[in-house]
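The sequence and structure come first.

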Amino acid sequence: MNTYKDILSKKVPAEKFVEVIAGQYDASKEGITPEQIAEMKLNISLEKADKPVVLVGMGTCGLANGAQAVYDMFVQELKKYDIDALLTQVGCVGYCAEEIIVDVKVPGFPRISYKRVTPENVNTIIERTIVNKEPVIQKALGKYQDADPSIWPEIPLLKDIPFFKIQEKVVLNNCGVIDPENIDQYLARDGYQALSAVLKDKSPLDVIEDTKKAGLRGRGGGGFLTGKKWEFAYHTENDQKYLICNADEGDPGAFMDRAVLEGDPHRVVEGMAIAAYAIGASKGYIYCRAEYPLAISRLEKTIADAMEYGLLGKNILNSGFTFELKIKKGAGAFVCGEETALIHSIEGRRGMPRPRPPFPAVSGLFGKPTIINNVETLANVPVIFSKGADWYASVGTDSSKGTKIFALSGKVVNTGLVEVPMGTTIRQVIFDCGGGIADGKNFKAVQIGGPSGGALPEQFLDTKIDYENLKEIGAMMGSGGLVVMDESTCMVDLAKYFMQFITSESCGKCIPCREGTKRLLEILERITKSYREEETEIDSLMRFQGMLYLERLADVIKDTSLCGLGQTAANPVISTLRYFRDEYEAHLYDRTCPSKACRQMLTYTINEEKCIGCTLCATRCPVNCISGARKEVHFIDQKTCTHCGQCELNCHFDAIIAE
Amino acid sequence: MNIKINNNAYWANPGETILQVAHREGIKIPTLCYMADLTPTGSCRICVVEISNGQLVPSCAYPVSEGMEVQTNSKKVRRSRKSIIELLIANHPQDCLVCVRNGCCDLQDLAAEYGVRSYRYVGEKRSGKLDLASPAVERDPEKCILCGRCVRMCHEVQNVGAIDFVDRGFYSNVAPAMNRSLNTTACVYCGQCITACPVGALREKSYLKKAWEAINDPDIHVIAQVAPAVRVAIGEEFGMPAGTISTGKIPAALRRIGVDEVFDTNFAADLTIIEEANELIDRIKNGGKLPLFTSCSPGWIKYVEHFYPEVFENISSCKSPQGMQGAMIKSYYAQKSQIDPDKIFVLSIMPCTAKKFEAGRPELSVTHKAPDVDVVLSTREFARMMRIAGIDFTRMPDEGFDDPLGESTGAGVLFGASGGVMEAALRTAHFLITGKDMDHIDFTSVRGLEGVKESSIKIGNATLKVAAVSGLHNIDHFLEDVKNGKSDYHFIEVMACPGGCINGGGQPLPASPEKIKKRMEAIYEIDRSLPKRCSHYNNSVNALYENFLGKPGGEKSHKLLHTHYFKREAI
């Protein structure tokens, strides 16, 4: 398939490509008619491809499920069938639970998405859909909107299936739809039009004003007004300013930024160019963790392509504006998502935060004014200028505008990425998009905002998601991780997990975070310990003493820590104490774990009535503490039992009692 | 601008921090990681204060703003500070009674001030290996509270960077690269990290035991030498005000401890001046390598050996006064007094930790058996020795140093302060070139605590461009210029420690800028008070040349008083 460059480069100057695609540049004297342009656009954007197209979801989630094998199988089989088809990769469409997702578009038929495709299905899909032009119903997820809705009526529209129904895809618009490594597809879907318009018609101050008017707030956690932040840097005079894209996504259970970078990297680059123009930065960095190799390699291609098309680099689109972009790989420290630590890391120093002021907008990277925006924030920027600030401001709630992407994970049926307007309730996200709790269990809590956020119980399910509402109830927007927990999750164990995370991710600079979180963790460990592991009475007393100081310590960590990571480090403890105090008390006083998750507290015994003496538990016990003859009731020796739970896991007869 | 602290109004200047204003106004805010002149990192959170929105901010790093209202003593502040101290204690060895910093420890003081009465938090403690391998500086990582003062001192002030933070979170610690021992790094042993350390995590390597053994051995003739900067600082160890001059008390105390003879390093400083001034004149007259750098600071010398071996030829080949004195004792004095040099034990009392390393240099041995200086004690160790010996330093009488290596002039004592070697050398160089003394013997433009002091002086027909530099971060651009052949200086004095030996790594703790200033003033007061203020008037030095060495820069001088340098790895 021809690229815009192939078609246009001999006839129109590079800086006019974007205008030609938008139909703003009359290229008829160069021999290109508007009809040809429209045709090209439909063709390149795959909406009206002239041959069959197969699109394999090859984001990290797809690849982890084996998308490469599916892709390879398509290569092999298409050859075998001698079909001239376009086989391409796309990013993640968001429905991770149904990966590997493969879309097929046959000329004259709607684009159809297949779910959970395995290499074995490839043959069927080619045979039935490409050759026979009929859907494989049992594998179909849905079809894209098409001019003729009467084709394949038995297949629902993708946007009507529950997972997508309440979603509003603004930022994720292209994710899973286009080939992220193909700049032409992005251009054909009106990419870089916002940048072009901004450079042509708007002053940097206009851009800032529009962004403020749109009400875009930082999606990285704090929720600061993006336009206002830019304004600070704009007004700081300096010979060099920097724009940094913070792609150091590190929250457990958060993968929004990765999906955007993997699925639609040009959108982020376009947003960066607009932001850089607004603040007057000629250099930019994308700080991305090295654990995102796919995102990095796609970004590298993206930057190279954008340079080639004159959309990055010197004198962008002949406007006089210069923006050079580099990728900086981070070593994957959670704290490097904090902006001053991130700056230190780019400078080649140990990633440790420093006190603010001075704020980076005044003195940041190499002492120069620097703006740091998160991936999702920057990915929101183009749409403000393509659809208008007023449109943007019309989405969402009074204080929080636009949409928000959430990474839905945990004990929920549909895990994946969802993008919903601000103001959607937590319940809608979990139960409508997420399809409710998996395995028929009951909802217990949802952790919003990663380790800095809080665990919210059922009573808050109808809270409308926005920055203020979440803060009020003890959680925070964070970057948008939503980890759903059912009744089998112990909230003390959850707090313990997050404390473990924080203690190993703390940079070690300030005392409350370095020392305090470790003590919090130790207190939680003591609470969840069995009496069997206590040697002296002092040990038992220490459990109670720790509990007495838990809240005090959590407050001190919150009040005195240096950076955002430290100040919010105790949030999981504070929120679980606030909403699930009874679970703490059960551990402390009754020495039981109501969710049966803290296995150290449980005693494993065998129900004599149910045990048939199959010996499976005995063979699976790693410490050989189960004895019993074949077909006789077995017995667990409590002295050697390590509470690993393997017997319970392996018993087919429900004969293991853990309490 | 107007700000309010604890509801009282104060004036503050834009750019000042809350802590600066509070300290100026006499409002005490405790600090731990903060050190004047180092970048505030706001890491310990002890100095938090509450601002009007209820937020706690680190006063050391938080700039004042118009109308700001600050509470330094709110409930939230008190609770936070106490908790932080408790958290530190929970991860600190509870061995105060046997700690070298017992009674002189910021953490101990804070625990006392905030009434910590129990171990509220108990749990795992960070473990770490003692690093005892270096001849001068020891590290005890378990005592480290990670305030980062040593790290900043080593990087920002000394530009060495031998230590930094390693590992993460609870297991963060301060260590050399690859967790090696200090002796395998480019550490110059200046000991500034020790003066920066609020606890006992960094300390000098103690040679007290060796010193006592020699003193107690009747067959050994123990000779002490005392560096110039010791006499203006040792009093602090015994509660005397900073800058108290104790020149006479020191030999008295040493004799009571059991030292056989007490010589003065100031004598050797005069000797150094004669050699170095001649070297300088020789280079100027005969087109030798210029500028000439002084060589009496062992930290500086090690720094050059690690980082700038290209400039070796610019460094004076003179040994330091300690080295010269050791060599003279084991050659000239041994010969004169008919004592077997192997039976002589030279005990140096130095304000310095790098001198411990210097004494161990194999090239500094005239007998080729034992080092010229057998043991170096810091000012602090000397004070400990006196305490053990039951000596009330404050009540010592004034006694003199022994002959023939005890006489000194005002020029000799100047070695204790940055700019002093320069001043002393110029006094003698002027005399040697013109045949008469300077009109104004006080060369004030190289005095003071600034890191770089530049001046020029007309001697005869020549104008010499000179500089006195202290704190190693200040020296790099001079060295770069020399390397690139761009330097137009004639003579540059370098002291590793900021302010010179008065602020050496072996001096009494805690040191503060005010105390350093007092010590410096005392050095100049000694100079002023002495009848002879130029090295060339030191009769004992002149007699030494007449009877033993021959002429300055001569063959024997070269053998005994000069040295050479070695390229070292820079890690």
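The model is predicted. Along the principal axes, the C-alpha trace of chain B spans about 75 × 55 × 45 Å. Its secondary structure consists of 18 helices and 17 strands. Of the 571 residues in chain B, 55% are buried. When contacts in chain B between residues at least 6 apart in sequence are taken together, 75% of them join residues at least 24 apart.

The contact between the two chains involves 31 residues from chain B and 27 residues from chain A. On the side of chain B that touches chain A, strand S4 (56-58) and helix H2 (75-90) each supply at least two residues. H2(B) gives the most to this side, with 8 residues. By class, the side of chain B that touches chain A comprises 16 nonpolar, 9 polar and 6 charged residues.

| Cis peptide bond | Omega | Loop holding the proline |
|---|---|---|
| Leu290(B) and Pro291(B) | about 0° | between helix H8 (265-286) and strand S12 (292-293) of chain B |
| Leu509(B) and Pro510(B) | about -10° | between strand S17 (491-495) and helix H16 (513-529) of chain B |

Positive phi values are the next topic. Tyr192(A), a residue other than glycine, has a positive phi near 65°. Tyr192(A) is placed in the loop between helix H8 (183-188) and helix H9 (193-201) of chain A. Is Tyr192(A) buried or exposed? Tyr192(A) counts as buried because it has 26 C-beta neighbours inside 10 Å, and the cut-off for a buried residue is 20 or more.

In chain B, Asn7(B) is not a glycine either, and its phi is positive at about 70°. Asn7(B) sits in the loop between strand S1 (2-5) and strand S2 (8-11) of chain B. With 8 other C-beta atoms within 10 Å, Asn7(B) is exposed, since a residue is exposed if that number is 12 or fewer.

Notes
Residues are numbered from 1 along each chain as its sequence is written. Chains are lettered from A and ligands numbered from 1 in the order in which they are written. This is a predicted model: local features need pLDDT of at least 70, side-chain atom pairs count only at pLDDT 80 or more; totals for chains, interfaces and linings use all residues. Helices (H or I, at least four residues) and strands (E, at least two) are DSSP runs, numbered from the N terminus. Two residues are in contact if their C-beta atoms, placed from the backbone, lie within 7 Å. Ala, Val, Leu, Ile, Met, Phe, Trp, Tyr, Cys and Pro count as nonpolar, Asp, Glu, Lys and Arg as charged, and the others, Gly among them, as polar.
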